[in-house]
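Start with the sequence and the model, then read on.

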Amino acid sequence: MYVQANRKCFRSHTWILWNLLELASRKWGLMSVFKDAGHLFRFAGLFVLAFLVFLVVRHFVVPRSFGQYGHYRGAAIGEIAAHPIKYAGHDTCETCHSDAADAKAKGKHAHVNCEACHGAQEKHATADDPSTVKPVLPDTTVLCARCHTASAAKPKGFPQVEPASHSQGLACDTCHKPHNPGMDAGGAK
Amino acid sequence: MNLSRRRLMILLPAAAVAWKSVLAGTPEESPNYKMSEHWWGMLIDIPKCIGCGNCVRACQVENDVPDGHFRTWIERYHRSDWPMTESGEVTANPLIVPEVISPDGGKEGFPVATDTEGKYFFVPKMCNHCSDSPCTQVCPVGATFISPDGVVLVDPTYCLGCAYCVQACPYGCRYIHPEKNVADKCTLCYHRITKGLTTACCEACPTGARQLVDLKNPNDPIHEFLKTHSVQVLKPQMATGAKLFYNDLDGSVR
């Protein structure tokens, strides 16, 4: 019976392993331990095969950069960093508009960045001819009121007015230069 | 060139794969930027905030944030004086029950406050970019993570939209994007700071109430500021390692 089983599974690796074990066990007298353990080795072989299949599938399913920096896709960082910019930044503005920057530097709006009032200007800044993408001039009646409308909630030291009584509906830039708005600092029109 | 049908059947799928990677393109790189040299955070100077909403609008423009959702928003707190009955009995603790409003995230500013009683202040809020963040820990698929330079990011191609992270964030800074159906949040304008620019909200803030800080830069003024001012983070008891520093934060802020 032993010989028959041996022939049947002649090519099986498990069987070769089994034979080796049998030899070893005969030599060291372990025969009785492994006598009927063939089904265990066939089962072990199945497990090894399933693990190899898992490794192959995993290789194709898991993105290359996963685990590069941690338990996430490392390439995602570069993709997020590649988003387009909308706000050019005041340094970019000042390379051309140094006159406005100089006027602003003298007054109380020195620390207000260009795009805080003029909006996102990356398209204007990166256009081949910036004059083709002309920014809309903000309406000072709306723009200035956003910051300077008087409210008990605002910090006490911040300059605030009640627009209705302060200018009777006139646009703020009738009297104030937005880049340097102070009346005493030569900012008045 | 002789191409057998057999060869063509092998080559076509290979070409399709190659063309797909060409179309995807390589992400725009920032060659001078080294992640290991930065550890980003933000400073919010509460006494400087006037509640104009510039940061909320700038963030929406810069990051295409859908209407009704916010990566940053402003809350206005009104902490009344100790309410007392005529006999001098305190009826409620204003430290525990402040009045908080945030109409449309403060995008169009706030209604004029006429009640001069008590204390008003604005609290801009956004992702705290925690260095030990609860939101990244609960993600079942590894779609959200802390980048090596300390910014909490979401990988939109990997996110399932299960919203575990939305629930886990103790600051309420995440939402599910209504069109993409994935988690979305403040990236600290990662596409800007890696190019040497500041964030859109800092760029648009007229009073300097928001400042981007790099804790790994020894010359950053934040180091002196932290030593000389009363600076706090939100919910310190949760040990999130928040890097959104608030100067002069009132005790009633949650």
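A residue counts as buried if 20 or more other C-beta atoms lie within 10 Å of its own, and as exposed if 12 or fewer do. Anything in between is partly exposed. Keep that in mind for what follows. Keep in mind too that this is a predicted model.

Begin with chain A. The secondary structure of chain A comes to 11 helices and zero strands. Of its 189 residues, 16% count as buried. Now take contacts between residues at least 6 apart in the sequence of chain A: 48% of them join residues at least 24 apart.

One helix of chain A deserves a look of its own. Helix H4(A) covers residues 38-61, which makes 24 residues. From first C-alpha to last, H4(A) reaches 35 Å. That is close to the 34 Å expected at 1.5 Å a residue. How many of the 24 residues of H4(A) are buried? The count is zero, and H4(A) is hardly covered.

Turn to chain B. Here the secondary structure comes to seven helices and 11 strands. Chain B has 254 residues, and buried residues make up 38% of them. Among contacts in chain B between residues at least 6 apart in sequence, 66% join residues at least 24 apart.

The strands of chain B bring us to pairing. Strands of a sheet pair through backbone hydrogen bonds, either parallel or antiparallel. One open sheet of chain B has four strands, in the order S9-S1-S11-S10, and its pairing is mixed. Its edge strands are S9 (210-214) and S10 (231-232), each of which pairs on one side only.

Follow strand S11(B), residues 244-247, to see both kinds of pairing. Strand S1(B), residues 40-45, runs parallel to S11(B), and four bridges join the two. Here B:Met42 stands opposite B:Leu244. Strand S10(B) runs antiparallel to S11(B), with two bridges between them. B:Val231 stands opposite B:Asn247. B:Gln232 stands opposite B:Tyr246.

The loop between S10 and S11 of chain B holds B:Lys235. Phi of B:Lys235 is near 45 degrees, a positive value in a residue other than glycine. With 27 C-beta neighbours inside 10 Å, B:Leu188 counts as buried.

Another pairing in chain B involves strand S4(B). Eight bridges join strand S2(B), residues 72-79, to S4(B), and the two run antiparallel. Along them, B:Arg79 stands opposite B:Lys119. Strand S4(B) is mostly covered, with seven of its eight residues buried.

In soluble globular proteins, nonpolar side chains tend to be buried together. The largest nonpolar core in this model has 72 residues. Within it, B:Leu153 and B:Cys201 have the most contacts. Strand S4(B), residues 119-126, gives the most to this core, with five residues. The core also draws at least three residues from each of domain 1 (2-81) and domain 2 (90-174) of chain A.

Which residues touch B:Leu153, leaving aside its neighbours within four places in sequence? From chain A come A:Ala76, A:Ile77 and A:Ile80. From chain B come B:Thr144, B:Phe145, B:Ser147, B:Thr187 and B:Tyr190.

Finally, look at where the two chains meet. The contact takes 32 residues from chain A and 40 residues from chain B. On the side of chain A, the elements that give two or more residues are helices H5 (75-81), H8 (114-118) and H10 (140-148). Helix H5(A) gives the most, with six residues. The residues on this side of chain A divide into 17 nonpolar, nine polar and six charged.

One more residue of chain B reaches across. B:Val112 has its place in the loop between strand S3 (99-101) and S4 of chain B. Leaving aside neighbours within four places in sequence, B:Val112 is in contact with A:Thr149 and A:Ser151. B:Val112 counts as partly exposed because it has 13 C-beta neighbours inside 10 Å.

Note on methods: Residues numbered from 1 in each chain as written. Chains lettered and ligands numbered in written order. Predicted model: local features only at pLDDT ≥ 70, side-chain atom pairs only at ≥ 80, totals over all residues. Pairing = 2+ DSSP bridges. Contact = placed C-beta atoms within 7 Å. Nonpolar A, V, L, I, M, F, W, Y, C, P; charged D, E, K, R; others polar. Core = buried A, V, L, I, M, F, W, Y, C linked by C-beta atoms within 7 Å. Domains from an automatic or database assignment. Expected span 1.5 Å × (residues − 1).
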